[in-house]
Amino acid sequence: MRISFTGPGCSGKTTLLKKCQEHYGDEFEYVEEVTRPALKEGMKINEDGDNKTQLYVLAEHLKNDKLDNVIMDRCIIDGFVYTTWLHMERKVDESVLNAYTKVYSQLIDNLDIVFACKPVKLEDDGERSTDSEFIEGVKKVFENVVRLEHQFSKVSIIYLEGDVETRFNDIKIAIQKHERTSR
């Protein structure tokens, strides 16, 4: 089973991944954030992202696609959304967006469940962007992409809202349902 969280910054993805690790233990492999390692490598992230950063993240998504029985903090949707926003802001070249579009169309249907997380209260951790134009712009692109995937893709997209326990309960139900129907 291939599961991922998707959503803009401060939507609870990492918190929910940790809850999954606590609950499911060794049943799954877990992939944490793909963007923060780019920051540690000296690349620019968030609204300052560029071609180099987005290509680095794309390579991480390609590596993650080789994993099976995995829960990921972010998936190809996230990379595609951020690359799209950065391209709209002329910070990423069209060739990089085209590469993302091609890989996105190849990888999206390899996912079984995508949990689309709605934003929660923004916490400034020194790495997340607090730029309101960036946050709102990315949020709009996420809404459009996830809505289209929900309508046209074969991946199961489940929207998560509410507090952590409510969201996690919805995750457990969705995983159980998928396990029953895929036997």
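Q: Let's start with Asn69: buried, partly exposed or exposed?
A: Asn69 has a relative accessible area of 30%, so it counts as partly exposed. Keep in mind that this is a predicted model.

Q: Where is Asn69 found?
A: Asn69 sits in the loop between α3 and β3.

Q: And what's up with the phi of Asn69?
A: The phi of Asn69 is positive, about 55°, although this residue is not a glycine.

Q: Switching to charges. How many salt bridges does the structure hold?
A: There are six salt bridges in the structure.

Q: Give me one. Which residue does Asp65 form a salt bridge with?
A: Asp65 pairs with Arg2, and their closest N and O atoms are 3.1 Å apart. That pair ties together distant parts of the chain, 63 residues apart: Asp65 is in the loop between α3 (51-64) and β3, while Arg2 is in strand β1 (residues 2-6).

Q: Is Arg2 buried or exposed?
A: Arg2 counts as buried, because its relative accessibility is 8%.

Q: What does the side chain of Glu165 meet in a salt bridge?
A: The side chain of Glu165 meets that of Lys19, with 2.7 Å from N to O. This one links distant parts of the chain too, with Glu165 in helix α7 (residues 164-181) and Lys19 in helix α1 (residues 13-24), 146 residues apart.

Q: Why does Glu165 count as partly exposed?
A: Because the relative accessibility of Glu165 is 48%, and partly exposed runs between the buried cut-off of under 20% and the exposed cut-off of over 50%.

Q: How far is it from N to O in the Glu60 and Lys63 salt bridge?
A: In the salt bridge between the Glu60 and Lys63 side chains, the N to O distance is 3.0 Å.

Q: And where do Glu60 and Lys63 lie?
A: Both are in helix α3, three residues apart, which is about one turn of the helix. Glu60 is buried, with a relative accessible area of 17%, whereas Lys63 is partly exposed at 48%.

Q: Which residues do salt bridges that share partners join into one network?
A: That network joins Glu33, Arg74 and Asp78.

Q: Next, Asp73. What is the nearest side chain of opposite charge, and how far away is it?
A: That's Arg74, 4.2 Å away. Asp73 is buried yet has no salt bridge. A salt bridge needs the side-chain nitrogen within 4 Å of a carboxyl oxygen.

Q: So what does the Asp73 side chain make a polar contact with?
A: With the side chain of Thr14, at 2.7 Å. Asp73 itself is in the loop between β3 (70-72) and α4 (76-88).

Q: What about His150, where's its place?
A: His150 is in helix α6. Its relative accessible area is 43%, so His150 is partly exposed. The C-alpha atoms of His150 and Ile76 are separated by 15 Å, and these residues are 74 residues apart along the chain.

Q: Now a couple of prolines. Where does Pro119 lie?
A: Pro119 is in the loop between β4 (113-117) and α6. It counts as partly exposed, because its relative accessibility is 38%.

Q: And how far apart in space are Pro119 and Lys13?
A: They are 9.5 Å apart, C-alpha to C-alpha, though 106 residues apart in sequence.

Q: Last one: where is Pro37 found?
A: Pro37 is in helix α2 (residues 36-40), and it is partly exposed, with a relative accessible area of 30%.

How values were computed: Residues numbered from 1 in each chain as written. Predicted model: local features only at pLDDT ≥ 70, side-chain atom pairs only at ≥ 80, totals over all residues. Heavy atoms only, no water. Helix = DSSP H or I, 4+ residues; strand = E, 2+ residues; numbered from the N terminus. Buried < 20%, exposed > 50% of the residue type's maximum accessible area, 1.4 Å probe, protein only. Lys, Arg positive; Asp, Glu negative; His and termini not counted. Polar contact = N/O pair within 3.5 Å; in protein donor to acceptor, adjacent residues only side chain to side chain.
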